[in-house]
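Please read this note with the sequence and the model side by side. It is written as a set of numbered points.

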Amino acid sequence: MTLVLAAIVHVGAIRVYPSAIMLAVKTQYTSNRVFHVPKVTAGKLRIVRPSPDLLYSLAVFDLEGGPLRITAPVPGSYVSLSAYGSNTDNFYATNDRSLNGPEFDVVLIGPQDPEPDLEGATVVRAPGESGVIVFRYFIGDGGQVEKIRSARQRIVLRPAG
């Protein structure tokens with residue numbers, strides 16, 4: 001009986017729980033639109049293990065309509081872009097230190113989409129048709145918060161091509 005219960009808990013933790021988390025996120029946010037999370041405080045724990053030194057922006061993506069191009073300016077402080085599949089697995093991560101220009105330019109394609117030929121863009125193949133993109137902006141001592149907020153407003157998700 002203990003082994004059966006352990007197996008059920010294991011399957012739930014590995015298979016069901018991550019999907020339930022993503023389903024909750026997908027139902028709360030509109031697909032292919034960026035949402036800016038307010039500064040994290042002890043009372044606001046909507047993102048798992050948030051840091052009060054970061055400002056977060058997120059977008060639920062849906063690739064059923066085709067590839068998605070994501071552009072986001074870098075405000076001069078550390079910023080990262082991470083993409084998560086519908087099972088919460090991280091399949092892509094980058095930051096401002098790995099860029100060749102002043103902004104992120106990523107084309108997200110589905111598992112069956114042909115690879116587009118878009119100059120200057122980083123092409124990333126998602127493991128499924130949907131998931132979540134998270135941007136993290138380091139606010140440091142707070143001196144650049146307005147510059148960061150302005151940069152966050154210029155994050156764009158649009159059809160690629």
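1. Basis. This is a predicted model, in which local features need pLDDT of at least 70 and side-chain atom pairs count only at pLDDT 80 or more, while totals for chains, interfaces and linings use all residues. Residues are numbered from 1 along each chain as its sequence is written, and side-chain values use heavy atoms, with hydrogens and water left out.

2. Five-stranded sheet. Five strands form an open sheet in the order β1-β2-β8-β4-β5, and the pairing is antiparallel. At the edges are β1 (34-37) and β5 (90-95), each of which pairs on one side only. From one strand to the next, the twist averages 15°. Strands here are DSSP runs of E with at least two residues, helices are runs of H or I with at least four residues, and both are numbered from the N terminus. Two strands pair if DSSP finds at least two bridges between them.

3. Inside that sheet. Strands β4 (residues 79-85) and β8 (residues 130-138) run antiparallel and are joined by seven bridges. On this pairing, S80 stands opposite R136 in β8. Helix α2 (residues 145-153) packs on the sheet, where it touches β1, β2 (54-62) and β8. Contact means heavy atoms within 4.5 Å. The direction of helix α2 makes about 5° with that of β2; axes are lines fitted to C-alpha atoms, for helices over the stretch in contact, and angles run from 0 to 180 degrees between N-to-C directions.

4. Four-stranded sheet. A mixed open sheet has four strands in the order β7-β6-β3-β9. Strands β7 and β9 (156-159) are at its edges with a single partner strand each, so one side of each has no neighbour in the sheet. Neighbouring strands are turned by 25° against each other on average, direction ignored. Six bridges pair β3 with β6 in the antiparallel sense, and T71 stands opposite D105 in β6.

5. R69. Is R69 buried or exposed? R69 is buried, because its relative accessible area is 15% (buried means under 20%, exposed over 50%, partly exposed in between, with a 1.4 Å probe and protein chains only). R69 is found in strand β3 (residues 68-73). Its side chain makes a polar contact of 2.8 Å with that of D105. A polar contact is a pair of N or O atoms within 3.5 Å; within protein, one must be able to donate a hydrogen and the other to accept it, and residues adjacent in sequence count only if both atoms are side-chain atoms. Leaving aside residues up to four places away in sequence, the residues touched by R69 include L118, V156 and P159.

6. Salt bridges. How many salt bridges does a search of the whole structure find? The search finds four, a salt bridge being a side-chain nitrogen of Lys or Arg within 4 Å of a carboxyl oxygen of Asp or Glu. One of them joins D96 and R97 at 3.5 Å, N to O; D96 is buried at 19%, whereas R97 is exposed at 61%.

7. Two further pairs. E115 and R125 meet in a salt bridge of 4.0 Å, N to O. E115 lies in the loop between β6 (103-109) and β7 (122-125) and R125 in strand β7, so the pair ties together parts that are 10 residues apart in sequence. In helix α2, R149 and E146 are three residues apart, which means a separation of about one helical turn. Their closest N and O atoms are 3.1 Å apart in a salt bridge. R149 is partly exposed at 36%, and E146 is exposed at 57%.
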